[in-house]
Amino acid sequence: MLYRRYMHKSEINEMAQAALGAYTDTGHWPDAYAAARKYAEETLEAKPDSAQIFAAVTIAKSNNKGED
C-alpha cells in the first residue's frame, strides 16, 4: 500500500523529469501530471499529494522553457 510522505527535492526533480518526458512525447501538460504521479507511485513507492505533483510539473515547465 502506498502512503503520502515527505519527498526530497531530488525526488521531486525525478518526477519533473518524468513529467517533461511525457509532455515531450504528447505535447499535453495534463499527461505530464499523470506521468509525475505514476512515477512517484511506481518508482518512488509513494502516494504524492497534489502539491508535490504541481511542484514537479512546474519544474518541468520551467525546464521546458529553457529548451526553447
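Trainee: Why is Trp29 called buried?

Mentor: Keep in mind that this is a predicted model. Trp29 has a relative accessible area of 18%, and buried means under 20%, so Trp29 gets the label.

Trainee: And what makes the pair of Tyr23 and Trp29 stacked?

Mentor: The structure holds one aromatic pair. The ring centres of Tyr23 and Trp29 are 3.8 Å apart, with the planes at 5°. Centres within 6.5 Å make a pair, and planes under 30 degrees apart count as stacked, so that is what we call Tyr23 and Trp29.

Trainee: What lies over the face of Trp29?

Mentor: That's Lys61, at 5.4 Å from the ring centre. The distance cut-off is within 6 Å.

Trainee: Which residues touch the most other members of the largest nonpolar core?

Mentor: Trp29 is one of them, along with Met7, Met15, Ala19, Ala36, Ala56 and Ala60; the core has 17 residues. Helix 1 (9-26), helix 2 (29-42) and helix 3 (50-67) each supply at least two residues, and helix 1 gives the most, with six.

Trainee: What does Met7 touch, leaving out residues up to four places away in sequence?

Mentor: Ile12, Met15, Ala40, Leu44, Ala46, Pro48 and Gln52.

Trainee: Now Pro30: how do you know whether to call Pro30 buried or exposed?

Mentor: Pro30 is found in helix 2. Its relative accessibility is 58%, and exposed means over 50%, so Pro30 counts as exposed.

How values were computed. Residues are numbered from 1 along each chain as its sequence is written. This is a predicted model: local features need pLDDT of at least 70, side-chain atom pairs count only at pLDDT 80 or more; totals for chains, interfaces and linings use all residues. Side-chain values use heavy atoms; hydrogens and water are left out. Rings of Phe, Tyr and Trp (its six-membered ring) pair if their centres lie within 6.5 Å; planes under 30 degrees apart count as stacked, over 60 as edge-to-face and the rest as tilted. Buried means under 20% relative accessible area, exposed over 50%, partly exposed in between (1.4 Å probe, protein chains only). A charge sits over a ring if NZ of Lys or CZ of Arg is within 6 Å of the ring centre and within 35 degrees of the ring normal. A nonpolar core is a set of buried Ala, Val, Leu, Ile, Met, Phe, Trp, Tyr and Cys residues joined through side-chain atoms within 4.5 Å. Helices (H or I, at least four residues) and strands (E, at least two) are DSSP runs, numbered from the N terminus. Contact means heavy atoms within 4.5 Å.
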